[in-house]
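Subject: Structure handover

Hello,

Here is the structure I promised to pass on. Please open it first, then read my notes below.

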Amino acid sequence: MEFTNLSHHHLLLHHHLLLHRLRYKHIWDVDKDAFMRRYAKANRALTAFETDIARYRELASDIQSEEGYSNIGFIRVDSGPLKQALMEHCKKWEAKFTHLLNTNAADEIATLYENIAKVTAACNSKPPGRTPHTSLRVSSPTSPTSPSR
């Protein structure tokens with residue numbers, strides 16, 4: 001009888017750990033750097049960044065709200081270190097997304113400044129074929145070359 005009871009508790013413990021593993025596996029199992037390289041190449045919109053950052057914040061909140069201890073029969077499972085590790089992974093994901101977003105914004109601003117510099121240089125340059133002494137002459141209806149009455 002004791003052996004069956006022990007096996008039952010062992011199965012419950014295994015089931016408990018398996019549920020946690022499957023529920024949060026994507027947080028630690030994915031290579032963050034490789035994922036972020038693919039994400040950067042996809043050139044995602046700002047709303048995609050916002051959604052992904054919010055998802056990891058929500059996951060961290062969900063993990064934090066989970067029970068720290070679970071009693072399975074006579075076994076007490078301390079999930080505190082697991083919760084802490086999972087929340088750290090969520091923070092790393094959040095940091096990677098915000099870093100990429102910051103890098104993309106800095107690149108776009110640098111491109112904008114380059115374009116402004118090019119346009120400014122083009123506006124300040126003399127048109128081809130004009131010398132500094134050549135000026136445009138605009139005649140008005142009352143100019144001295146107009147016939148008078």
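One term first: a crossing of two helices is left-handed if the near helix is turned anticlockwise from the far one by less than a right angle, and right-handed if clockwise. You will need that further down. Please also keep in mind that this is a predicted model.

Overall layout

The protein has four helices and two strands. Their order from the N terminus is α-α-α-β-β-α. Of its 149 residues, 21% are buried. Among contacts with a separation of 6 or more, 73% join residues 24 or more positions apart.

Helix 2 and its ends

Aspartate 31 caps the N-terminal end of helix 2. One of its side-chain oxygens sits 3.2 Å from the backbone nitrogen of aspartate 33. Which residues of helix 2 are buried? They are Lys32, Ala34, Met36 and Tyr39.

How helix 4 is packed

Start with helix 2 against helix 4. Their axes come within 11 Å and cross at roughly 30°. Angles under 35 degrees count as roughly parallel, so helix 2 is roughly parallel to helix 4. This crossing is right-handed. Helix 2 makes the contact through Lys32, Asp33, Phe35, Met36, Tyr39 and Ala40. Helix 4 answers with His89, Lys92, Trp93, Lys96, Phe97 and Leu100.

Now helix 3 against helix 4. The axes lie 9 Å apart, at an angle of about 165°. That makes helix 3 roughly antiparallel to helix 4. The crossing of helix 3 and helix 4 is left-handed. On the helix 3 side, the residues involved include Phe49, Tyr56, Leu59, Ala60 and Ile63. On the helix 4 side, they include Met87, Cys90, Trp93, Phe97 and Leu101.

The core

In soluble globular proteins, nonpolar side chains tend to be buried together. Here the largest nonpolar core has 17 residues. Ile27, Tyr39, Ile63, Cys90 and Phe97 touch the most other members. At least two core residues come from each of helix 1 (2-29), helix 2 (32-41), helix 3 (46-65) and helix 4 (80-124). Helix 3 gives the most, with seven.

Cysteine 90 is worth a look. What does cysteine 90 contact, leaving aside neighbours within four places in sequence? The list is Ile27, Tyr56, Leu59, Ala60 and Ile63.

Best wishes

Note on methods. Residues numbered from 1 in each chain as written. Predicted model: local features only at pLDDT ≥ 70, side-chain atom pairs only at ≥ 80, totals over all residues. Heavy atoms only, no water. Core = buried A, V, L, I, M, F, W, Y, C linked by side-chain atoms within 4.5 Å. Buried < 20%, exposed > 50% of the residue type's maximum accessible area, 1.4 Å probe, protein only. Contact = heavy atoms within 4.5 Å. Polar contact = N/O pair within 3.5 Å; in protein donor to acceptor, adjacent residues only side chain to side chain. Axes fitted to C-alpha atoms, helices over the stretch in contact; angles between N-to-C directions. Parallel < 35°, antiparallel > 145°, perpendicular 65-115°, else oblique.
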